[in-house]
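Colleague: I am new to reading models of this kind, and I would like to learn how to read a few features one at a time. Could we go through them together?

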Amino acid sequence: MMKQIQFYKYAIAGLVLLNLALIGFFILSKPLPPQPLHGDFGIQAPRILHLNAEQRKAFRFSADSHHRKMQALSLRQKELLAHYFQQIVDSSQTDNALLLQKAEQLEREKIEITYQHFEEVKSILKPEQLPYFKEFMQAVLDVMSTNSKKNAPPPKDF
């Protein structure tokens with residue numbers, strides 16, 4: 001009888017330890033939530049370019065200005081495309097070619113504004129920092145190509 005009680009005590013202690021180990025494993029192995037690309041890149045870019053404090057301020061000002069302009073253009077483009085596709089539902093007759101031309105113009109403006117932003121970033125660099133600009137642009141292109149893909153949603157928490 002004493003040996004059975006002793007056996008059950010050890011079995012219970014072993015099971016409790018096993019449960020704690022499993023809980024610890026699940027907590028520690030939980031994948032990190034995906035980080036936003038642009039937010040993270042806004043932190044990485046000054047590091048890649050080796051910017052000093054004054055340059056970081058100029059970079060942040062340029063990046064914020066670029067972001068505001070892109071948001072405004074995206075909003076205009078969204079409204080235009082909504083009107084364009086609403087024609088199917090309403091069966092209204094609007095000049096599709098004109099609407100498409102306006103959408104293309106907005107996309108062209110986005111590209112030109114982004115190009116100007118990169119020119120501004122390059123202009124704040126000192127000559128010894130210019131070699132880092134190539135690495136910066138490669139990182140930008142990586143972010144842009146990754147951001148344009150539709151990724152599957154992350155797995156649900158368990």
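Colleague: Where do R60 and D64 lie, and how many residues apart are they?

Modeller: Keep in mind that this is a predicted model. Both R60 and D64 belong to helix 3 (residues 53-90), where they are four residues apart, which is about one turn of the helix.

Colleague: What do the side chains of R60 and D64 form where they meet?

Modeller: The general idea is that side chains of opposite charge can pair when their charged atoms come close. Here the side chains of R60 and D64 meet in a salt bridge, with 3.0 Å from N to O. R60 is partly exposed, at a relative accessible area of 36%, and D64 is also partly exposed, at 31%.

Colleague: How many salt bridges does the structure hold?

Modeller: There are two, and one of them joins K110 with E107, whose closest N and O atoms are 3.9 Å apart. These residues both lie in helix 4, three residues apart, again about one turn of the helix.

Colleague: Is K110 buried or exposed?

Modeller: The cut-off for buried is under 20% relative accessible area, so K110, at 12%, counts as buried, whereas E107, at 35%, counts as partly exposed. Other buried residues of helix 4 include L99, L106, I113 and F118.

Colleague: What span should the 28 residues of helix 4 have?

Modeller: At 1.5 Å a residue, helix 4 (residues 96-123) should span 40 Å, and its end C-alpha atoms are 41 Å apart, which agrees with that expectation.

Note on methods
Residues are numbered from 1 along each chain as its sequence is written. This is a predicted model: local features need pLDDT of at least 70, side-chain atom pairs count only at pLDDT 80 or more; totals for chains, interfaces and linings use all residues. Side-chain values use heavy atoms; hydrogens and water are left out. Helices (H or I, at least four residues) and strands (E, at least two) are DSSP runs, numbered from the N terminus. The expected span of a helix is 1.5 Å times one less than its number of residues. Buried means under 20% relative accessible area, exposed over 50%, partly exposed in between (1.4 Å probe, protein chains only). A salt bridge is a side-chain nitrogen of Lys or Arg within 4 Å of a carboxyl oxygen of Asp or Glu.
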